[in-house]
Amino acid sequence: MSLMTENLLLQAQRLRLDGDIDTSIDLLRVVVKQCNSDLQIDEKRSTDDVFGNSSINGEESNSIIVLQLRETAAYQLALLLLQRSGRRCNSASSDNDDGDDETEANDILSKLGYISRLSKLAFGYPICNCNQQHKRYNNTQPAASSPISAVAIDDILPLSIFNALQHAYRPESKYWSELYSKVNSATTTEKEKNQFASHNITLPPSNISTSSQSPPSSILEQVAILVQQQLKDEFPEIRHATSVEVWTHKRPPDGEHQLHYDMDEIRLWKHRKGSVNQGEDRAKRQKTNPKSNDGISCPIVSCVLTVNIPTKQLGCSVCGKTGNSNPTIVCNQSILDRGSTDSSNVGCLCYPYPNRLLAFEGSLLHGVIPGIPQESSATLDDDESSSDNDSYYMQDIPKTRPVSDYDNQRVTLMLGFWKEVCLADDSKDIGPNAPFDRVSCSWKEEFNPIDMKESDFSHSGTKNTQLLNHIIDPLWMKIVPNDEKDFGKYTSTDSAKQCGRFFLETTDSRDIDKKVLFGK
């Protein structure tokens, strides 16, 4: 029966990708029920054949497959139930949400060994985060000022600069074919594949007038300088940034990114290896406790700049803008506050939109919420969507998705502004904080600087005051199962836990900090 059950699971996944959430949920329920039935039969046979029947080994192997199928189906089912329940709660028809989906999801997650999870209001994000949509939030709090140190700015770049940036990341760009594919290709070693390619660009002192600065080395430097200028009021410390770390993500509309912190990865690695002495650590640490020697160093400010969003999406029925691309979540949880008694448990969502910048204090926990596909919008041609860190699925089960095109990809440029940071070796172009000025590969030509008009230097985007003032509170919810005796029932010895960190095996969300610091 395992082959038939696996086919049902694959069909449920296809339906999910086509946006048919209801039917996908129904099929996943069938898969879980069938797995439970198969396991009961296998257990009975094992008991009956305990006296030397030669088929026991084969049955044990089949049971392992069924256990894995059940675990995968159960995880996906719980996530879809929370997405459906949350979406209903976030919509005008929230009265239709009777809580049954959330209760069922909690019961499944408990059987998978989880104790807490993100709020369903995060999983079931509304199609758009315009103010009219957000007024339907049941337990979010519109606030005069957000408790989260973050800001969203629309039209952050002058049109000429933004158009040039989009051109640099066009589908035919050498960046994708020569660097990005190299990092994520099947031929890349596992050690390299687990790294991301980021580059470090030296910034001119912020107290020097633009006319007196040396010519910028790239359009990426031009973007960073313009962003830095516009964030000085919100984040005064950004004036002291000496360099900016840049990297790029490309994902389908439903592509998630696990909850994580932006950190000096090289310094953390050295600390784990014990190669950073106390004096060096204290001298180069930025935004950390000077009395600590834990290898933690974060940017002054982290930024997400949306370059492209999928076009094959539904528009918001209220404001008319294209929506349905899953948002970035920023939590009021800092890696620098480990051990504090602060019980903050809130988060906010920001949706991607071309030329929109999301900026937040660099030590905050953040990620991208798992997407809710609609009308076959998902694609498989994204290298990150199938990676170990960002995969929607726990198991390497074949996925069938429509052929990808650039218009159906979300492209974001990430910027981390640093005062001090460890750089990669000169010889490396893959890894964190490789010096951009020492790159000699041809893909670098895509980012040649462009001529800027005098008006570009004084350009100022529009601060979007409504996006981040709707706070999900509480963000983390304790899972209350129907029967505590069934806790962990769906886990197996070779359990492949999801790695998005959206569900936790403890009630303390700071368990994420431990996993980050110790590389788990």
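Some conventions. Residues are numbered from 1 along each chain as its sequence is written, and side-chain values use heavy atoms, with hydrogens and water left out. Because the model is predicted, local features need pLDDT of at least 70 and side-chain atom pairs count only at pLDDT 80 or more, while totals for chains, interfaces and linings use all residues.

I begin with helix 1, residues 2–17. Helices (H or I, at least four residues) and strands (E, at least two) are DSSP runs, numbered from the N terminus. The expected span of a helix is 1.5 Å times one less than its number of residues. Just after the helix, glycine 19 has a positive phi of about 90 degrees.

Next, the core. A nonpolar core is a set of buried Ala, Val, Leu, Ile, Met, Phe, Trp, Tyr and Cys residues joined through side-chain atoms within 4.5 Å. The largest has 58 residues, and Leu109 and Phe503 are among those touching the most other members. Helix 1, helix 3 (56–89) and strand 8 (328–334) are among the elements giving it two or more residues. Helix 3 gives the largest share, 12 residues.

Two strands pair if DSSP finds at least two bridges between them. Strand 5 (residues 243–251) and strand 12 (residues 410–418) run antiparallel, joined by nine bridges. Valine 244 stands opposite phenylalanine 417 in strand 12.

Last, serine 173, in the loop between helix 7 (159–168) and helix 8 (174–184). Is serine 173 buried or exposed? It counts as buried because its relative accessibility is 1%. Its side chain reaches the backbone oxygen of alanine 168 at 2.6 Å and the backbone nitrogen of tyrosine 175 at 3.1 Å. Leaving aside neighbours within four places in sequence, serine 173 is in contact (heavy atoms within 4.5 Å) with Ala168 and Glu446.

Terms used
Buried means under 20% relative accessible area, exposed over 50%, partly exposed in between (1.4 Å probe, protein chains only). A polar contact is a pair of N or O atoms within 3.5 Å; within protein, one must be able to donate a hydrogen and the other to accept it, and residues adjacent in sequence count only if both atoms are side-chain atoms.
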